[in-house]
Each structure stands twice: as structure tokens, then as C-alpha cells.
Amino acid sequence: MTIYAGIDAGGTLIKIARLGDPGNAAGRGPAGKPALLKFPAARIEDAARWVRANLPEDARIGVTGGRGERLRGLLPEYANFAGVPEFEATAEGAVRIRACDLGEAGKAAERFVLANVGTGTSLHLIDGAERPRLGGIGLGGGTIVGLTGLLCGVRDYDEIARLAPLGDREAVDLTVGQIYAPAEPPIAGDLTAANFARPLPSAAAVRPQDYAAAVVGMVAEIVATVAAQAAALHGASRIVYAGSAYEGNELLRTLTVRFTHMLGRTAEIPPQGPYCGAIGALYAAKESIQDKLKNE
Ligand code: ADP
């Protein structure tokens, strides 16, 4: 039985999707779906060790992401690696994830903007088989880690995600309501007028959770704004948000959905979103080998 896997070796995390061999615990995803796992990119040798322990040398492995070549270099005995362009893999993965939920009919009718919020953010239009990359911004999950780290020394993502819902953004951000007070503002008072622009009585009055809330809020607002503008420009009503930034970060998810709705679009954050690239690479590798066999 051929074992297929997809590896998305990104700037922060290495994501792996593995399909086949249900006898092996590592390949047993829920009912015919790939098993999914991840490693910090800083521990790329651990990812290589996992591959050696769990994938046979003749496994067909699609590799994508900026650190893909380095990982490949650590595994010279694997002959069946196929490089998959990153943006192609991400888009394919997003379509596959949604097709599982919607069935084939839903897949055919697909048209949405994909915002992949990883270390940075890339935007794609998915319009059936057409999947142009629309652009990207240097603001994403890496910004949450980097900026919160600079502001209050907290760089652990789980800790940032735990703190953020406990914080008060208004200790840091300047809101429309603060500017207009005591008058009634012409738009919702809790909207951000300027991120990080609150004149501070004293820096000591701002707690780590306030910084975490402000940083997460800023990323949610900017990503949703850029994605919603892209969706308006391309006539798409739906935005699918993927990438590991949403994993375990409830405030980022809630604010992303709220801002997207406010901007007149619907938002989806699929649970397997962090694995779009890995799932896309897996199926790209699977299909390329099947095409090759058909043509022989
Ligand atoms: P990339 O492919 O660029 O590595 P990901 O989609 O994996 O991007 O997202 C990376 C981001 O996910 C990080 O910048 C961080 O915000 C967030 N993240 C989620 N879980 C973790 C984790 N366990 N360790 C570090 N970052 C994490």
C-alpha cells in the first residue's frame, strides 16, 4: 500500500499530513482523513526523525513551504519527494478541507477569498480551478508573537492566547468613543480609531494581558479589513481564514468573525485550517503520481 504524506515546512511550524496504512497509529486520521501533526520549525531535526520513524522510504511525499528544501536535505534516503509550490498547496488544501464539509456539489460552486494567516498573511481568490494569489501582508501570527514579546516579554503563543481575552484593549488603543466623549460618536464608539494610540498615564498601568488583547485585536482587524476589501473587489461573499494563528486563539477567532461580518462578508475558520498547506501538498503528490502511472 502506498503511503502518501504532505509536509508544509513554514517559517514557524512544520505541519505534516499523512494518509494510508490504517494499521499504523501515525496514519490513522478520522475516517479516511489524513492524520495531522506539527513541529516547531526550530526543531526541524525532530520532524525528520518523525518522518524516518513513521514513513517508509518509498512513501510519496509532497513538500511545500520555505523550509521544505532544508527538510528534504535531512532525508536523503527518501526518493519520492515532490516539491509543491506553496501557494498552490495552500489553495488546494483549503478546497479539500471545505469539500469534505460540503460534498462534491459544494466544491464545484466554490468561490471565496482565502486568507492564510501564518507567520505572515497571504491572500488568494479561489474560483473553481482558478486560484490566483491576490497578495499578502507582513502582518500575521508572527506579528502577534513578536510584538507581544517586545511589549511585555510574553512570546509563548499559548500564553498569549490565554492572556488576550483577559485584557482590555482600551488601555492601549484609541477608540472612536474616547475621541468623541462625552459626545455621541457617528459610528460605533468601540471601533478602533488608532491602534496603540491611547495617551498613557503611565506605562505601568498597562498589563501584559492588555498588550496581548491589543496586538491580537490589531491583527484581527487588519487581516479582516484587507481580506474583506479583496472579497469586495472580486465579488466574493465568503472569506475562509486558515493558518495556525487561529489555533487555540479564541479571541483572534471571535474578532475575525465579528469584523468580517461588520464588513459585510461571511467568515469561516475551519479547524484543519493550519494544515491547508500540508493537506494540499499531500493531494498534489498523490495526484501527480496517479497521472504519471496513467500516462505510462
Ligand atoms: P508558517 O507556515 O509560516 O509557519 P503557520 O500557519 O504555521 O505559519 O502559523 C504560524 C503562527 O501560528 C505563529 O506565528 C503563531 O502566531 C501561531 N502559532 C500557533 N500555535 C503555535 C505554536 N505552538 N508555536 C508557535 N506559534 C504558534
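Visitor: What makes Leu 251, Leu 252, Leu 255, Thr 256, Phe 259 and Thr 260 in helix 8 count as buried?

Guide: Buried means under 20% relative accessible area, against over 50% for exposed and partly exposed in between, with a 1.4 Å probe and protein chains only. Leu 251, Leu 252, Leu 255, Thr 256, Phe 259 and Thr 260 are buried by that rule. Seen down the axis of helix 8, the buried residues fall within an arc of 150°, so they line one face of the helix. The arc is taken from the directions from the helix axis to the C-beta atoms.

This is a predicted model, in which local features need pLDDT of at least 70, side-chain atom pairs count only at pLDDT 80 or more, and totals for chains, interfaces and linings use all residues. Residues are numbered from 1 along each chain as its sequence is written, and side-chain values use heavy atoms, with hydrogens and water left out.

Visitor: Why is residues 250–262 called helix 8?

Guide: Helices are DSSP runs of H or I with at least four residues, strands are runs of E with at least two, and both are numbered from the N terminus.

Visitor: Which strands stand at the edges of the open sheet?

Guide: Five strands form this sheet in the order 3-2-1-4-5, with mixed pairing. Strand 3 (35–40) and strand 5 (81–83) stand at the edges, each with a single partner strand, so one side of each has no neighbour in the sheet. Two strands pair if DSSP finds at least two bridges between them; six bridges join strand 1 to strand 2.
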